[in-house]
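Here is a short report on one model. Please look over its sequence and fold before reading on.

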Amino acid sequence: MYPSKFDYHRPSSVQEAVQILSGNPDAKVLAGGHSLIPVMKLRLAAPAALVDIGRIGALQGISRSNGSLRIGACVTYHEIANSADVQAAAPALAEAAGQIGDRQVRYRGTIGGNLSHADPASDLPAAALALGATLHVTGPGGSRSVSASDFFVDLMMTALQPDEILTGVEVPVAQAGTGSAYAKWEHPASGYALCGAAAVVTRGAGGSCTGASLCFNGVSSTAVAATEVAAGLVGSDLSDAAIDSAVGNLSIPDATGDMFASAGYRQELAKVMGARALRTARDRA
Amino acid sequence: MAGESNGAGVFGSSIRRREDPELITGRAKYTDDLQLPNTAYCTILRSDYAHAKINGIDASEAEALDGVIAVYTASDIADSGVPGGIPVGWLLPDMVIPEHFMLAKDTTRYVGDGVAIVVAEDQYTAHDALELIYVDYDPRDGVADPKKATEDGAPLVHDEAPNNIAFDWEIGDKEMTDAAFANAAHVASLDIVNNRLIPNAMEPRAALADYNSITGELTLYMTTQNPHIHRLLISLASLGLPEHKIRVIAPEVGGGFGSKIHHYADEAIAAWASMQTGRPVKWTATRTETYLTDAHGRDHVTHAEMAMDADGKFTGLRVDTYAAMGAYLSTFAPAVPTYLYGTLMSGEYDLPAIYCHVYGVFTHTVPVDAYRGAGRPEATFVVERLVDEAARVSGIDPAEIRRRNFVAPDNFPFQTQVALAYDSGNYEGALDKALETIGYDDFRNEQAAAREQGKYLGIGLSTYIEACGLAPSAVVGSLGAQAGQWESAVVRVHATGKVTVYSGCSGHGQGHETTYAQIVASALGVPYEDIDVIEGDSGVMPHGWGTYGSRSAATGGSAIASAAEKVVDKARTIAAHLLEAAEEDLEFEDGNFFVKGSPDQAQSLPDVALQAYLAHNLPKGIEPALEATSFYDPENFVFPFGTHIAVVEVCANTGHVELQRYLAVDDVGNVINPMIVDGQVHGGIAQGVGQSLYETAVYDEGANLLSGTMLDYAVPKAHFLPSFETDRTVTPCPHNPLGVKGVGEAGTIASPAAVVNAVVDALSPFGVAHIDMPVTSEKVWNAINN
Ligand SMILES: Cc1cc2nc3c(=O)[nH]c(=O)nc-3n(C[C@H](O)[C@H](O)[C@H](O)COP(=O)(O)OP(=O)(O)OC[C@H]3O[C@@H](n4cnc5c(N)ncnc54)[C@H](O)[C@@H]3O)c2cc1C
């Protein structure tokens with residue numbers, strides 16, 4: 001488990017980090033290192049240089065303003081899971097972060113790394129997608145914002161350019177009547193999501209559903225939104241029966257499988273996990 | 001616990017493990033922690049192909065890399081004049097024994113087969129250089145499934161083994177068994193795949209070799225369960241160095257489960273590289289290499305049938321097994337699916353007719369060898385699953401059918417139909433205790449009520465027997481072992497009365513330093529704290545055979561007990577002389593010799609020891625000093641047994657199996673340290689639950705290992721498991737001085753059947769008869785929904 005040789009940079013600002021990246025096409029951002037270092041040790045990746053963004057102050061911290069929550073890219077899962085702000089404003093995200101890996105992983109891994117790596121079995125992409133997160137990105141040409149639905153492109157591919165850095169994630173604060181939840185089926189070997197469901201539901205004045213979102217990790221090559229389930233829920237009374245009937249329509253056309261769970265079985269699991277997440281989200285709404 | 005541990009009461013108490021403070025504070029030194037000046041580092045290029053011809057190897061770029069000392073291939077080893085072999089140490093009649101050389105010569109036979117060696121100034125360079133060696137492979141078809149490998153036309157692993165059959169072995173009486181089936185009232189039958197496992201010792205294998213060309217001595221620090229076996233095999237088969245010039249040292253060893261018994265090429269390669277370069281050479285496996293080279297376990301395809309009369313009495317058992325050997329015959333591999341498997345087929349039952357037939361099969365996979373339990377888990381799974389299936393087809397309760405068929409307590413010694421003679425047992429005793437603790441009758445009511453509500457509970461029994469502490473040596477030899485199975489011990493009392501104990505066993509996590517000291521404290525009546533235990537250095541202790549097969553207490557402990565007894569005998573002679581009394585008049589209590597009735601006039605063992613060393617006043621004919629050596633060859637195997645019970649709930653929506661309770665009632669004879677025994681049982685159960693629900697080494701059709709990392713190979717985690725309940729009955733071993741049996745493997749042997757029986761029981765409303773391991777949620781879901 002010895003990686004190839006690499007240079008190491010530790011910039012103190014986003015500007016400086018971006019500069020190093022644009023001057024080194026073979027450089028990679030290092031955040032928590034809990035995905036990048038393992039693949040380097042397996043020699044599946046051999047970046048010529050690492051740009052360690054862990055000491056950049058601007059990438060730290062969770063703040064709440066104007067109806068949204070801003071989480072710095074280098075905030076760890078531990079911080080997110082234990083943040084009263086995140087728990088109140090976006091319980092699905094706190095729940096997802098709290099179920100990642102083990103304690104060591106949660107102390108090191110970062111939201112920015114998790115979303116940028118875009119591992120299909122990671123826990124945070126579905127939560128970000130369901131919550132309608134906005135991702136802030138800075139590159140040599142300046143900063144831009146990307147919605148979560150545009151960010152995840154394909155298997156471990158995102159809208160990030162190689163010389164861009166994800167600087168923060170913005171999540172709308174749940175308004176009265178909105179609840180969210182994350183339900184995870186742990187892969188017995190990796191502990192990643194064999195199937196993870198993030199649900200957000202909003203109830204109108206009469207109690208019926210006025211908005212819903214249900215997204216999954218682990219079942220296909222990127223986080224996916226089950227739009228047909230969400231559409232089926234809007235207007236319903238969000239009863240258990242309504243939820244069961246809506247998830248009954250779930251279909252993930254490009255579901256993937258492995259030795260532990262075939263694509264077909266994952267679809268079945270997704271129905272169960274989707275219903276679980278929706279029920280908890282409803283109870284919180 | 002200091003101070004509480006004086007003398008005789010130490011045996012049987014849960015003293016905390018003295019080895020733990022060093023281990024858990026990170027102070028303990030493992031092989032890779034050791035540093036020698038001027039060390040070079042060795043890496044091994046491994047085949048990416050399950051089966052390929054090697055047309056050529058171009059290492060020039062690697063050789064030119066800064067920091068690379070040398071790159072070697074098989075021809076360099078051959079040219080150096082060493083024998084270069086990796087031998088098999090258990091011979092069966094008519095077995096095909098293909099050549100196994102330290103590196104692949106012209107053909108690779110599994111993904112991971114060694115092809116070239118790099119020696120470099122540091123680990124990084126040694127790994128960089130691997131990427132600069134170009135091997136011209138001509139890939140061929142491979143085969144991984146042991147049954148398919150025997151079909152006509154399957155790719156051959158070795159040309160000299162037609163249909164890939166390494167051996168064709170049988171035990172029992174075929175005619176008698178066939179007759180039992182012809183007359184059976186009921187027959188239960190199952191097709192079983194015993195899933196291939198990867199050992200996953202926490203510490204990867206490693207070696208640090210230091211060859212001194214002036215003295216001709218090789219010092220080899222390595223991850224071994226048996227330093228003397230490695231010394232012997234490296235001397236005879238691999239390097240040809242004289243045995244007395246090789247010293248094999250096992251520093252702290254971080255688990256083995258069998259995987260560090262075997263003699264692999266890698267440690268011999270490090271030693272050979274040290275001979276070539278004149279420098280110490282270190283090799284440490286990456287985790288990937290542990291997956292690709294540590295001998296795997298299990299991997300059987302079996303058809304098994306049980307014949308019964310109308311009352312559910314077993315009348316015959318017929319078993320047909322294809323057992324993978326992998327690409328080469330590993331050290332003790334041939335024994336595992338034969339003498340450690342076929343001989344266990346009687347289980348705890350009075351079975352009048354048994355026939356077991358086994359093909360040992362070459363496949364293009366990592367070699368398969370002993371892994372915790374070694375053959376006995378596979379046999380127990382066959383027997384205990386079949387007993388449950390017998391209960392199902394005959395409509396008899398699983399506990400009741402076992403009771404009807406147990407060897408009765410007054411029927412010992414019991415000669416089975418498959419060679420073993422059980423010396424003692426009380427199977428119903430353990431079963432009763434387990435059923436009562438778990439509340440079996442109540443459970444059946446609860447289960448019925450739960451089913452009404454769509455909840456599926458299941459209970460699974462496994463009433464297992466284990467034969468461990470293989471012995472005696474002459475018998476083991478007659479079965480093909482190229483090794484003895486006695487054990488050595490030295491008990492040395494120093495002049496001050498402190499004691500050093502040397503054992504030929506070689507612990508790697510079991511707690512020998514604690515338990516062996518407990519044995520000696522009780523035997524000599526000296527404080528536990530005054531006793532040190534040393535293992536794992538072929539340069540220090542007499543020849544021994546190491547630690548595996550649950551032999552360290554039964555065989556190693558007995559050797560220690562008999563050496564201690566010799567010490568006491570000699571001390572008694574000296575004490576009698578000092579007390580001017582007759583030896584037969586002396587009592588020995590709590591470390592003091594005294595004449596019966598006058599305990600105030602005593603000579604303590606330390607007093608006697610001092611006199612023994614001063615030698616100013618010894619009885620005639622008595623040599624100075626106070627120590628004894630014992631070479632203990634047991635009379636028979638030991639036969640632990642017990643009942644394990646698993647309780648599960650199966651979720652009908654997802655197929656998820658939740659292990660709710662797990663109870664083990666084991667009979668391991670007298671118990672030296674109950675806490676350590678519980679620890680062994682817990683670890684064994686966790687591994688067995690791992691096999692039954694999670695773990696499996698998966699090869700694809702082309703014999704590529706798909707489960708090659710911990711991301712894909714599911715070792716059980718603590719939160720998958722309930723808190724285990726353990727209890728015991730005590731039936732002492734009648735033939736060894738301590739009355740102890742073995743416990744290292746019991747949990748792995750018993751638990752897979754208990755868990756799978758519980759799942760199948762839970763699924764009985766769906767008519768499910770069997771699910772192969774690992775019982776994943778998906779398999780359960782399919783069983784419910786199809
Ligand atoms: C034992 C173990 C168990 C795990 N279990 C889980 C689990 O259950 N669920 C789960 O979701 N994950 C799991 N992970 C993965 C973990 O969450 C990683 O931390 C995460 O995938 C990557 O985050 P990181 O901060 O460690 O990023 P790094 O490993 O440092 O980087 C990952 C990738 O993202 C890029 N990158 C990082 N930050 C940025 C940024 N701000 N801008 C642009 N690019 C960036 C890097 O260049 C790299 O390509 C596990 C990991 C381990 C080792």
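Where is A:Arg43 found? A:Arg43 sits in the loop between helix H2 (36-41) and strand S3 (49-52) of chain A.

## Basis

This is a predicted model: local features need pLDDT of at least 70, side-chain atom pairs count only at pLDDT 80 or more, and totals for chains, interfaces and linings use all residues. Residues are numbered from 1 along each chain as its sequence is written, while chains are lettered from A and ligands numbered from 1 in the order in which they are written. Helices (H or I, at least four residues) and strands (E, at least two) are DSSP runs, numbered from the N terminus.

## Backbone exceptions

Most residues other than glycine have a negative phi, and most peptide bonds are trans. A:Arg43 has a positive phi, near 60°. A:Arg43 is partly exposed, with 16 other C-beta atoms within 10 Å. The cut-offs are these: a residue is buried if 20 or more other C-beta atoms lie within 10 Å of its own, exposed if 12 or fewer, and partly exposed in between, with C-beta atoms placed from the backbone. A:Met156 also has a positive phi, near 55°. A:Met156 lies in the loop between strand S8 (152-154) and strand S9 (157-158) of chain A. For A:Met156 the count is 15 other C-beta atoms within 10 Å, so this residue is partly exposed.

Chain B has cis peptide bonds. One runs from B:Phe412 to B:Pro413, with omega near -5°. B:Pro413 is in the loop between helix H10 (398-405) and strand S16 (414-415) of chain B. Another joins B:Met773 and B:Pro774, with omega about -10°. B:Pro774 is in the loop between helix H18 (746-762) and helix H19 (777-785) of chain B.

## An enclosed helix in chain A

Helix H12 (residues 263-284) of chain A has 22 residues, and 17 of them are buried, so the rest of the structure largely encloses this helix. At 1.5 Å a residue H12(A) should span 32 Å, and its end C-alpha atoms are 31 Å apart, which agrees. The expected span is 1.5 Å times one less than the number of residues.

## A five-strand sheet in chain B

Chain B has an open sheet of five strands in the order S7-S15-S14-S13-S8, with mixed pairing. Strands pair if DSSP finds at least two bridges between them. Strand S7 (165-172) and strand S8 (186-194) of chain B are the edges, each pairing on one side only. S8(B) runs antiparallel to strand S13 (residues 300-308) of chain B, joined by nine bridges. B:Asp191 stands opposite B:His303 in S13(B).

## A parallel pair in chain B

Strand S20 (residues 499-503) of chain B pairs with S21(B) in the parallel sense, over five bridges. B:Thr500 has B:Asp532 as its bridge partner in S21(B). The chain crosses from S20(B) through helix H14 (residues 512-524) of chain B to S21(B), in a right-handed β-α-β crossover. Right-handed here means that, with the strands pointing away from the viewer, the path from the first strand over the helix to the second runs clockwise.

Which side chains of strand S21 (residues 531-535) of chain B are buried? B:Ile531, B:Val533 and B:Glu535 point to one face and are buried.

## Where the chains meet

In all, 15 residues of chain A are in contact (C-beta atoms, placed from the backbone, within 7 Å) with 20 residues of chain B.

Technical notes: Two residues are in contact if their C-beta atoms, placed from the backbone, lie within 7 Å.
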